[in-house]
Each structure stands twice: as C-alpha cells, then as structure tokens.
Number of protein chains: 2
Amino acid sequence: MSTISHIKEDALIQKLTEGITTFPEVLVGIGDDCAVIEKTENEHTLLKTDTVVENIHFTPQEDPERVGWKAAARVVSDFASMGGKPEALMVTIILPPDTEQDWIQKVYNGLKTVARKFGFSIVGGETSSTAIGSPKIISISGTGTVESHNLTLRSGGKPSDLIYVTGTLGGSIRGKHLDFTPRIKEGLWLARHIKPTAMMDLSDGVAKDLPRLCKSSSCGFEIFKSRIPLSHNCTADQALRDGEDYELLFTIPKASKQELETAWKKYFPDLQLTQIGHLMEKTPEVVAEEASAIHAPPETDPQQMNQLEGGWDHFQKD
Amino acid sequence: MSTISHIKEDALIQKLTEGITTFPEVLVGIGDDCAVIEKTENEHTLLKTDTVVENIHFTPQEDPERVGWKAAARVVSDFASMGGKPEALMVTIILPPDTEQDWIQKVYNGLKTVARKFGFSIVGGETSSTAIGSPKIISISGTGTVESHNLTLRSGGKPSDLIYVTGTLGGSIRGKHLDFTPRIKEGLWLARHIKPTAMMDLSDGVAKDLPRLCKSSSCGFEIFKSRIPLSHNCTADQALRDGEDYELLFTIPKASKQELETAWKKYFPDLQLTQIGHLMEKTPEVVAEEASAIHAPPETDPQQMNQLEGGWDHFQKD
C-alpha cells in the first residue's frame, strides 16, 4: 500500500476532498489561499488554517518569539492575498510534556505582537500534549474579512495578463522566513485601486505557486529568469524554488501596467515591484523572448512543474 | 525552569493569554466552548478549534473512519453547547511520512459523514508532515452560526439554578468516544424553548467541566453522586471523571423545571435527562441533602477540584 510520502500534497488533498459538497453560503471552498463565506451583501468572511512544525518550518534553536511571529504572520499573509485583513484567530499548540513554559510564553509574545500590528483578536485555542521527542507544532486558524468588491481570487487571470511579484525572492531560510511582513497594506491597496485579475501569496516559491495560480485561472504562463527579483546573494533558481518569501504574486490586464507601476512607486517606494512574465493561452505558442524563459502549458500539473522546477512540497524534499 | 507538565491546561492558557486585547466585534473570546463574533443583528459567528492526537485521543489500532468522526464531532458538540450549529470547517492533518494513504482517506470518509449528517461544508485545510515515529494529529477548526437570541454561554448560571446533564456518563473509552452523537438538536431546542442560564458540553468529565461552568457563572455547586446517570457498568466516580461523553451540561431556573422535564420526555423520549444538583451562592452554606453530596465553593479553582475529583487534564494523567 502507498504511504503519503509517495504522493504530492496538492494531489493528496485533491484525492481526499473528492466528492465534498459545500453549501451555498460558501463562495469559495478548497483551492484558494482562503475559503470565502458569505456574510453580508458588502462583506465576506475569510477562513484559513495554517500550521508550522518544528524541524520543518523552524528549528529547535530558533527564538520562540520569532516562531510565534511566523506562525501568525503566515495566516495574515493569506488574508492579504485575497484583498482582506485578519479578524479573529485561534491558536492550537501541541507540545511534548518536557517543553519549557518559557518557550510557549515567548511564542505567545510573538503571536500577540502580530495581533497588535495587524489589528486582529486572539479568541481561543488550546494546548495539547504529544509524545516526548515529537516535534512542537503551532497551528493558527480563524477568520478574516474582505469587502465584497475587493475579493481577489487565484482564478481570474486571463491570457496576456502581466505577472508581478512584490519584494525580492529567495534565501528566506537565512532569516526572512521568521520575520517577514505580510503584505496586508499592499494587498488591500491592489484590491481597491488596481483590481488584480488573480492574486496569491508566495509561500512555496514561484516554481510551485505560479502553476497553482495558472491552474485556477486555466492559463499557461511564461516568465523570465533574468527578471526575477533576487534577494541578496541568491541565484534565480533559489529565488524560484526556496519558498517562504510571503510576497504577493498577482496578475493585471496589460492596460493597467502604467497605472500600477506609477502609483506603486508613489505609495510603496520602499518595496520592489517586478513584472516577471505574463499569462498565456491554454495551448500557447510559447515564444522565448529571453534566453532564460521558463514556460509551462496549463495542462502541466503543479506537481509536474514541481518536478521540473522545484519548490517546496510538504511531504518531499526536492 | 518549569516544563508544561508542571502546570494544568486551564492555568497555562490563562497565563499565556494574559493581556490579550480583543476588538469590539468579539462578543465572547477565550474561556467558553466557542468564541463568538458579531455577524449581523440577528446572527453571530461561532469560532472553534479542536485537536485529536494519536495515543491520547485515539489508538493506532482504531478504525480511521471513527477517528475522523470523532475529530469533527467534537467540534460540532461545542457548537451545540452554545445553541448553535456548524457552518464551515477546515481540516489540518499532520502525519509521519510512513502513514498509509488509505488511513488518511478513511479519516476523510469519517469527516465527510459528520459533514453530511450535521449539514456543514468542509472548506479547506492542509496536510503537513512530521517526523517518523511522531503521533498522527487531526485538528479541526472553523465556524458555526447561532441566532443571537439563542446564544447560550457558560456564564449565566445563578445560585439555586438546577443542574442537568443529558444521556448517561462514564466509560466512553469502551467505544462511545469514537461514535458519540453531538447534541445539536437538543442544544438548539434547549436554547430556543427553555433558555438555559448556562450550558457547555462534557468533554473532560463533570468533575472538571462543572467547576469551569461555575467559575464562569461565579457560583458554587452541589451535586449528588447517587443521581449521576451511569453508563452501563460504570461507577459514579467513573461517570464523573472519565470524560469524552460529549453530553450537554446546563442550568435552568428552578421555575422552569416542570416545563423542561415534561417537554423533554415528549421531544426526546430516547435520551435520558437528569437533574444532578444545583448551583449555590458564592460562599454557600453547603447542606448535604444526600450522604454522597459533592460540593465546592466557587473559590475552588477548577484545578483544585480536579485534584479532588479527577477528570481529564491534557498534560497529566490523574
């Protein structure tokens, strides 16, 4: 019989959730950064859960306050990618019984710092014990809100739309993964003023996340290695594959290019914005505009893309 | 330095969450069965997260479909205890890489069965890997809804209110903990027609849960061992301490006794309902009406009560 190490995470979730029915109040279910539940005419509820596991998302040596920051900020980043903001989060911490009280207290300090900075409430949660020797686990879940007309999904991209990323990519393991800033301000501004056709946050790397956006939007894509904005001392391959940048990846119609780039410089002068490529037709005539073009038809399963290009999979180290 | 095995779960959570501020839309934060977020004038959102861990909440030998049932039904039970119902749940599963795909598929089958039976949507979640040899973990979180006028908290109990439990208690480890029925129907009916002054579900046993309700309501209590409704082959001590019954524990004004008991027999003829005692003043003159009366002044911390009476604590085996 197959174990879960023989299947990629996306494929596993697809298999497990087959045949799940959802009720009409669920506007978006499985497959986007957050689920979306109808609340009122003008506002929707966003739902998200996300987990960090010791030795996968943080090491035992790392400052627990920064671990707490990361655990909550990852969820905030998902709300940002929908054009929303966090509202009320719950904290589940699962620990071996020999964990120091001081460690968990510091994790909570990190969580509270994120809550203060991004204006949400911590409304509950639990602590549960696990076996001695098991990794520490922090799982954050809860709600965000988004104004109905700001809701931005992964699925609205159209062929010829331009693909942008915020910030620089790669090498987050050297520190950024523990103290990144979720792009709440930028996500909200984009949703209000530019109306991206599709948006998500970069948690697993462009090489893995862009195919997901394209699959949702039924598009292909072409991106250019030479344009990838590199973090200090990173190669383009690292920038595409390392993951945990928590920058925004979004698409806009060609016609909005000038407006976006001019306004961005004005409102976010300190945050790089880069057009890395464009969406394409489903069965594209791929033209490599630059020597290092990377492209994939939309039939490419994100998993195959992952095999081609790397990126982080929770059950396999590439 | 102290490890978490040196502190009881309630005390730990109280310590960790000190100084947490919540925003006005949070009607109820930490400390009840669910958090309550204002939604519209007539309806509120309930928020809950709950986790089951292998070797604590289920054994490796147990049928994974029943494990899935338990994981989701525990959360449904918390919505029931507020007079509400489940809406949209997310599933986080954390597994060692040698877990069989078949195991997780069956867990999902159990989850889907609960979803169909209690009418909620599964809207997302994730799978994450943990180290080989670590316990399997299933964490369920998400939203329920409650009509504003049905919302029933732990905190509204008054001295002289009568204390009731549904069903029979004890011995759930012999099987009930994996296939109990969350009391959604009963909770909703009680909230609509009887208006309990306080209500919660029995997850850790009367010996541990009743002091929590009393602490929230600033009351003492007196209960009678001889009245505790016993599951087959259980002693009163087991009924008070075993936990995982997922029955409702609630209080009503004395004046509602007749109305409740008559209507209950009509609407729920197959489910036992038992008055096990009553709430008391903060500094009660305790009168043992029966030889086996158990009582505690409200100053008794739930932890001290736990030391007196047992009940399940997630970091200690009593």
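Domain bounds, as used here, come from an automatic or database domain assignment. By this assignment chain A is divided into domain 1 (4-150) and domain 2 (162-309), and the C-alpha centres of domain 1 of chain A and domain 2 of chain A lie 23 Å apart. The structure is a predicted model, in which local features need pLDDT of at least 70, side-chain atom pairs count only at pLDDT 80 or more, and totals for chains, interfaces and linings use all residues. Residues are numbered from 1 along each chain as its sequence is written, while chains are lettered from A and ligands numbered from 1 in the order in which they are written.

Two residues are taken to be in contact if their C-beta atoms, placed from the backbone, lie within 7 Å. The contact between the domains takes 21 residues from domain 1 of chain A and 20 residues from domain 2 of chain A. On the side of domain 1 of chain A that touches domain 2 of chain A, helix 1 (9-16) and helix 2 of chain A are the elements that give two or more residues; helices (H or I, at least four residues) and strands (E, at least two) are DSSP runs, numbered from the N terminus. Helix 2 of chain A provides the largest share of this side, 10 residues. The residues of this side of domain 1 of chain A comprise 7 nonpolar, 5 polar and 9 charged. In this division Ala, Val, Leu, Ile, Met, Phe, Trp, Tyr, Cys and Pro count as nonpolar, Asp, Glu, Lys and Arg as charged, and the others, Gly among them, as polar.

Chain A holds an open sheet of 6 strands in the order 1-2-3-6-4-5, with mixed pairing. Two strands pair if DSSP finds at least two bridges between them. Strand 1 (26-28) and strand 5 (121-129) of chain A each have a single partner strand and stand at the edges, so one side of each is left without a neighbour in the sheet. Neighbouring strands of this sheet are turned by 20 degrees against each other on average, direction ignored; axes are lines fitted to C-alpha atoms, for helices over the stretch in contact, and angles run from 0 to 180 degrees between N-to-C directions. Strand 2 (residues 35-38) and strand 3 (residues 43-53) of chain A run antiparallel and are joined by 4 bridges. Within strand 3 of chain A, His44(A) is the residue that Glu38(A) stands opposite. Helix 2 (residues 64-80) of chain A lies across strand 3, strand 4 (85-95) and strand 6 (137-147) of chain A, at about 145 degrees to strand 3 of chain A.

In chain B, strand 1 and strand 2 pair in the antiparallel sense over 2 bridges, and Val28(B) stands opposite Val36(B) in strand 2 of chain B.

The contact between the chains takes 64 residues from chain B and 64 residues from chain A. Strand 5 of chain B supplies the largest share of the side of chain B that touches chain A, 9 residues. This side of chain B divides into 28 nonpolar, 28 polar and 8 charged residues. Of the interface residues of chain B, 100% are also interface residues in chain A, so the copies meet through the same surface.
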